[in-house]
Amino acid sequence: MKAELARGFLGRRMMLLAALAQNLATGLMFGSFGTLLVAIEHDKHVERALSAAGASLVILAIGILSPFVGRLLTLFSIRALMITGALMCAGGYAAAAFSPGIGTLLAAYGLLVGPGVALMGIAVPSALVANWYVTGRGRAIGIVNMPLVVAVAPMLCAAMLPRIGLAGLYLAMAGIMLLAIPLLALVIDRPEQIGQQPLGGELATETAPAFAIAPLLRDGGYWSFGLAAAVLGAGGATLVTHIMAVATGRGIPVGEAAMLMSVLGVAGMAGSLGYGWLADRIGGGWALAVNCGVQALLWGGLLLPFGFGPLFLLVSLIGINAGGMMAALGMALSQRFGTAAFGGALGFWSLMNLPFTVGLPLLAGVLFTRSGSYSISFGLQVGLLVAAAIGAAFAARLPAYGRGGLR
């Protein structure tokens, strides 16, 4: 025990390992997929609808499995879940490399990569840092959710694809996952396991209560926070899906329009840190309400017929706020429900979020087809954000649950 304590507080190491897991799980998958679309079409001789289905299957698998993460966190260690997720992702990418047709490739994404991402990323890394940090928890969650790999993966994949081909790139991704496993083996779930205590907290002396979904779903604060974050997530998905069409429809050249896509990832990294800092100071619920209110104003700006310069500024600011959503939500849930229920609360939110992130971008396309404009869908987003801001502010005023957690 003394030898463990002599190493000093290990929270920073756990934060870096959590960031590694999150970035490799979500960043490698979603950062690479867009670059691989055309290559998949050529290799498997399919059209865009089928080549793009892999990402949809991963999102569906995450949405279905994430609600069970809370229960899994009570049965298995975070380290075991992360390693299992890394092995599943590695297996999925390896299977994709040797897939003879589009059916087996999609099965690799839906049955291996998607579940692997759910176990290795999303709620699990944030749950790890929530265990280690009380003071500075918002910033820690923000660092974990910085989309570093999402920002660099498209460029790396585009550079490597002509050299090693689609199969070689999939094998490289599988190898990266396998190389991460020795690092993930260093994960320690809770500081109490080595006689330390969370930063700014006390050494736990009682057993954490088992996670239960029923009381969580009866809590109005949970729905207020969750729906607010789902609206924010849907806004980001809508912008990623349609901003190129919005820009080119205003006469902006394709090259400049592509810059609007690039700035979203870079701005998101700044937002993850910024909102983590804000959540530490005013609380996660209030940070979530601020995020919704600011984004309502910014989306209102998108309704105006701005050219490239103002549009670039608006998209950058929306990207900053979108990047900070997970830090604010994670802090809000951990403050209200405690660390015992945190992983399950965040995991079930992924299912709550699914209809919004899938449905609103599709609705924007339908409304554009019928009206010839994005004004209706962007106006709807403004209205939803205003309602979300009010709901999050209401929930932020509710008293947190005690040390015993949600029962």
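Colleague: At what angle do helix 2 and helix 7 pack?

Modeller: Keep in mind that this is a predicted model. In it, helix 2 (residues 11-44) and helix 7 (residues 102-120) pack at about 170 degrees, and their axes are 10 Å apart. Angles over 145 degrees count as roughly antiparallel, so helix 2 and helix 7 are roughly antiparallel to each other.

Colleague: Which residues make the contact?

Modeller: Helix 2 brings, among them, Leu 24, Met 29, Phe 33 and Ile 40, while helix 7 brings residues including Leu 105, Tyr 109 and Val 113. By class, the contact of helix 2 with helix 7 has 13 nonpolar, two polar and one charged residues.

Colleague: OK, what about helix 16 and helix 17, how far apart are their axes?

Modeller: The axes of helix 16 (residues 325-371) and helix 17 (residues 375-396) are 8 Å apart, at an angle of about 140 degrees. That makes helix 16 oblique to helix 17. The contact of helix 16 with helix 17 has seven nonpolar, three polar and no charged residues.

Colleague: Switching topic: where is the kink in helix 12 centred?

Modeller: On His 242, with a kink of about 50 degrees. The end C-alpha atoms of helix 12 (residues 220-249) are 41 Å apart, which agrees with the 44 Å that its 30 residues should span at 1.5 Å a residue.

Colleague: And what happens at the start of helix 12?

Modeller: A side-chain oxygen of Asp 219 comes within 3.1 Å of the backbone nitrogen of Gly 221 there. Following helix 12 is Gly 251, with a positive phi near 85 degrees.

Technical notes. Residues are numbered from 1 along each chain as its sequence is written. This is a predicted model: local features need pLDDT of at least 70, side-chain atom pairs count only at pLDDT 80 or more; totals for chains, interfaces and linings use all residues. Side-chain values use heavy atoms; hydrogens and water are left out. Helices (H or I, at least four residues) and strands (E, at least two) are DSSP runs, numbered from the N terminus. The expected span of a helix is 1.5 Å times one less than its number of residues. The bend at a residue is the angle between axes fitted to the seven residues ending there and the seven starting there. A polar contact is a pair of N or O atoms within 3.5 Å; within protein, one must be able to donate a hydrogen and the other to accept it, and residues adjacent in sequence count only if both atoms are side-chain atoms. Axes are lines fitted to C-alpha atoms, for helices over the stretch in contact, and angles run from 0 to 180 degrees between N-to-C directions. Angles under 35 degrees count as roughly parallel, over 145 as roughly antiparallel, 65 to 115 as roughly perpendicular and the rest as oblique. Contact means heavy atoms within 4.5 Å. Ala, Val, Leu, Ile, Met, Phe, Trp, Tyr, Cys and Pro count as nonpolar, Asp, Glu, Lys and Arg as charged, and the others, Gly among them, as polar.
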